[in-house]
Amino acid sequence: MQALTTDVLIVGAGPVGLTAAIVLIQHGHEVTVVDRQAEGTNTSRAAVVHPHTLELLEPYGVVAQLVARGVHTPTFAIRDRDEILIAVPFSALPTPYPYTLMISQADTEAFLLNRLEELGGKVVRPASVIGIQQTADQAIATFADGQQIRARYLIGADGMHSTVREQAGIAFTGGTYGESFALADVRLSGGVAAGIPNDQVILYFSPAGLVVVAPLPDGMYRIVATVDEAPQHPDIAFVQSLLDERGPVAEPAVVEEVVWGSRFRVHHRVADAFRAHRILLAGDAAHVHSPAGGQGMNLGIEDAVVLGEHLAQVLDAGADDAVLDEYAATRRHTARGVVSMTSRLTELATASARRRPLRNRIMRLAGKLPAVRRTLAWQLSGLNRR
């Protein structure tokens, strides 16, 4: 890798880093994207794209491909086994995308990378940042091979274990949920049509923990569940036990194949600052939280679009870089709100057997109120953050 100078250096080539690069390059700025991995992700991980995210991405040439590839799910439902507690309809939302789009993160990244390359950008791999220094007008990143890149601004989009955040000396305040999470992409048979509809994202509540079941392209389903200790590679028997214990009863689903599986621990943390002079944070480098509600990647892509547009103002029109302080303050406030919402959903989902009847009664009553369903739809879809 040659030593070079660039307008913006982006560390991390996941959906967040790629989105920020696309925004800046489309605004005419020189951007260098580096990633420590030798190749991009080929697993699905994050799989939810909400309406507000699609709206934000509209000007940047990737939405048509995403929408054509993904599964459109117009309802987010919260159930206790076969009982619907609340059905949140997205279909009436005032947006061109009145649904949750279910699509593999591998597909999302592939479409974003293709768009970046169409615009003349590329990702330098593997490139591991080992040190960052700042001067009055530059951030200087040093790599494991001794090379350096100098940039007017540096974006840390390098995930929860962010080297950029650590090098900037920014604390990552919060904690870790006691349970681990199992994640699997599976093929189902049995009671799929009624027990697990293919046009809904379903959050099942259970004293044993939550399980999320959602359709993916190519006839697959995403399963996410809280467990005390998830296996590193969930197999058919393990995923079947989750659905038997927490999923539909009248028409149980049968796990035919586990296409891919993994485990992870979930933290609820927000960076103490999203800016340190020439360094800015976005995505999981700035905030992490429970997967309940499918907010993670969406919040990160929002960060990327907002930050890219703010940086373009500074680089382009010579705007006062105080607008970057505005980015840092408003996005941190938004992140704290999302972390709080997902924590409440997780606590509700894992209520004890003693509290479960009262919780269900309250949620059933609340679910009958159009105002409650409408408010939840706006929050989950991200449209309340327009």
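Predicted model: local features only at pLDDT ≥ 70, side-chain atom pairs only at ≥ 80, totals over all residues.
Residues are numbered from 1 along each chain as its sequence is written, and side-chain values use heavy atoms, with hydrogens and water left out.

The protein chain is divided into domain 1 (4–47 + 104–171 + 272–348) and domain 2 (176–266 + 352–385), with bounds that come from an automatic or database domain assignment. The C-alpha centres of these two domains lie 30 Å apart. Contact (heavy atoms within 4.5 Å) links 21 residues of domain 1 with 16 residues of domain 2. Between them the two domains bury about 1600 Å², 62% of it on carbon and sulfur atoms; buried area is the accessible area (1.4 Å probe) that two parts lose on being put together, summed over both.

Between domain 1 and domain 2 the count is 1 salt bridge, a term for a side-chain nitrogen of Lys or Arg within 4 Å of a carboxyl oxygen of Asp or Glu. The rule also finds 3 residue pairs in polar contact across the interface, both residues at pLDDT 80 or more. A polar contact is a pair of N or O atoms within 3.5 Å; within protein, one must be able to donate a hydrogen and the other to accept it, and residues adjacent in sequence count only if both atoms are side-chain atoms. On the side of domain 1 that touches domain 2, H8 and helix H9 (322–349) each supply at least two residues, and the largest share, 8 residues, comes from H9. Helices (H or I, at least four residues) and strands (E, at least two) are DSSP runs, numbered from the N terminus.

The interior comes next. A nonpolar core is a set of buried Ala, Val, Leu, Ile, Met, Phe, Trp, Tyr and Cys residues joined through side-chain atoms within 4.5 Å; buried means under 20% relative accessible area, exposed over 50%, and partly exposed in between (1.4 Å probe, protein chains only). The largest nonpolar core has 74 residues, of which Leu9, Ile10, Leu54, Leu154, Ile155 and Leu311 touch the most other members. Helix H8 (residues 296–317) gives the largest share of this core, 9 residues. Leucine 311 touches Val8, Leu24, Tyr153, Ile155, Leu280 and Leu324, not counting residues up to four places away in sequence. A second, separate core of 32 residues includes Met220, Ala292, Ala377 and Leu383.

Phenylalanine 90, in the loop between strand E6 (83–89) and strand E7 (100–102), is buried because its relative accessible area is 1%. Leaving aside neighbours within four places in sequence, the contacts of phenylalanine 90 include His50, Phe76, Tyr99, Ala377 and Leu380. Aspartate 107 belongs to helix H4 (residues 105–118) and, at 19% relative accessibility, also counts as buried. The side chain of aspartate 107 makes a polar contact with that of arginine 69 (2.8 Å). Aspartate 284, by contrast, is partly exposed, with a relative accessible area of 38%, and lies in the loop between strand E18 (279–281) and strand E19 (287–288). Its C-alpha atom is separated by 7.1 Å from that of alanine 157, 127 residues away along the chain.
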